[in-house]
Amino acid sequence: MEKIRDFLMKTPQYEDITQFIDSKRHAKSVYETTMEAGLLLALMTHHRTSKPQILVASNLYQAQLMYDKLSVTSLAPHVVFFPQDEFIAGEMLVASKELMLERIHAIQTMLDDAQVVIITNLPGLLKPQLPPNRWKTAKISLNTIIEISRDSLNEQLIDLGYKREYTVEKSGDFSIRGGIVDIFPGGTPHPYRFDFFGDQIDTIKTFDVESQRSIEVVESVDIHPMSDFFFTASDIQKIKTEIQLKMSELTFSESAMKQIQTDMQCLENRQELERLNRYFSLMVDETWTIKDYLNDPDIMFFDYRRILSQYDILIQ
């Protein structure tokens, strides 16, 4: 694709392309052409401007194809995939941990890479997100220098969406047994074992889940959220306060009241967070989208007419 770009840069038509790229419109539409031609335009735009980009596909399958194609170009170090289920209502019923971890990785990259290229679909572009300052502080850095109590670590892990178990078996699990703390962070092939001496971490090792044997000694580990909807006990209290205020202003049916009570219990237990993330707007002063995480991004819509049709469905 880079060879085609270099060839086009030598043609008379390149001036027309640069005028399109340099136009002050932040949102650009690509239609009645191939995906490859649109991606070539995205590549040329990034090469010329070095600005962050959001490439919006007509569906999740097309977004995956776009990501795969750009991952073998010079843009690869900046390209991330932000996959969202096609319909937000459906996403509240069934959660995919793999898609969630992809989105978490994408958000972390957005905050660090000023030239990031995000591949997503329309629901991913529109989905409300927590403010970026929450993501910047949503990390537990553990090493053999700091001191941290196991009770404090337990509370912080729960706030980030981890679940305490007797033994860890999968991503998102952690266990505390005496002076041994096991954590299986998202996006890592193996869990970590922390050997405590009081409030001091003595050693950190990766280990095999099946055999429980140590694999490698490491000096430090960063623990990131397991969900893009994470919160503290005080956040839950703020949600409850906002709900009580709305209940005093509006009339709710008995079934709605029971559902709200069930939802609050699930929030306290960190269960069904994908379904319940509609409540997070009650705990923050303003909501964001991935566009707001970036500084003056270019947005390109692929198959714009189909995206418009999908938007009509989403807002109904």
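What share of the 316 residues in the chain is buried? Buried residues come to 44%, where buried means under 20% relative accessible area, exposed means over 50% and partly exposed is in between (1.4 Å probe, protein chains only). This is a predicted model, so local features need pLDDT of at least 70 and side-chain atom pairs count only at pLDDT 80 or more, while totals for chains, interfaces and linings use all residues. Residues are numbered from 1 along each chain as its sequence is written, and side-chain values use heavy atoms, with hydrogens and water left out.

**Overall make-up**

The chain has 13 helices and 13 strands; these are DSSP runs numbered from the N terminus, with helices being H or I of at least four residues and strands E of at least two. Contact here means heavy atoms within 4.5 Å. Of the contacts between residues at least 6 apart in sequence, 69% join residues at least 24 apart.

**The cores**

A nonpolar core is a set of buried Ala, Val, Leu, Ile, Met, Phe, Trp, Tyr and Cys residues joined through side-chain atoms within 4.5 Å. The largest one holds 59 residues, and I183 and F194 touch the most other members. Helix α6 (residues 97-112) supplies the largest share of this core, 5 residues. Skip the neighbours within four places in sequence, and F194 is still in contact with L142, G179, I180, V181, I183, I201, T203, I204 and V221. There's also a second, separate core of 20 residues, with A42, A57, L75 and F81 among them.

**Two helix pairs**

Two packed helices are described by the angle between their axes and the distance between the axes. The axes are lines fitted to C-alpha atoms, for helices over the stretch in contact, and angles run from 0 to 180 degrees between N-to-C directions.

| Helix pair | Axis distance | Angle |
|---|---|---|
| α3 (residues 35-49) and α4 (residues 60-70) | within 11 Å | roughly 55 degrees |
| α10 (residues 233-249) and α11 | 11 Å | about 170 degrees |

Angles under 35 degrees count as roughly parallel, over 145 as roughly antiparallel, 65 to 115 as roughly perpendicular and the rest as oblique. That is why α3 and α4 are oblique to each other, and why α10 and α11 are roughly antiparallel.

At the α3 and α4 contact, M35, E36 and L39 in α3 meet Q62, L65, M66, K69 and L70 in α4. Those residues divide into 5 nonpolar, 1 polar and 2 charged. For these classes, Ala, Val, Leu, Ile, Met, Phe, Trp, Tyr, Cys and Pro count as nonpolar, Asp, Glu, Lys and Arg as charged, and the others, Gly among them, as polar.

Over at the other pair, I236, I239, K240, I243 and M247 in α10 meet M257, I260, M264, L267 and E268 in α11. That contact has 8 nonpolar residues, no polar ones and 2 charged.

I260 lies in helix α11 (residues 254-268) and is buried, with a relative accessible area of 13%. Not counting residues up to four places away in sequence, I260 touches I243, M247, F252 and Y279.

**Positive phi spots**

S50 isn't a glycine, yet has a positive phi of about 60 degrees. S50 lies in the loop between α3 and β2 (53-57) and counts as partly exposed at 36% relative accessibility. R270, also not a glycine, has a positive phi of about 55 degrees. R270 lies in the loop between α11 and α12 (273-276) and is buried, with a relative accessible area of 18%.
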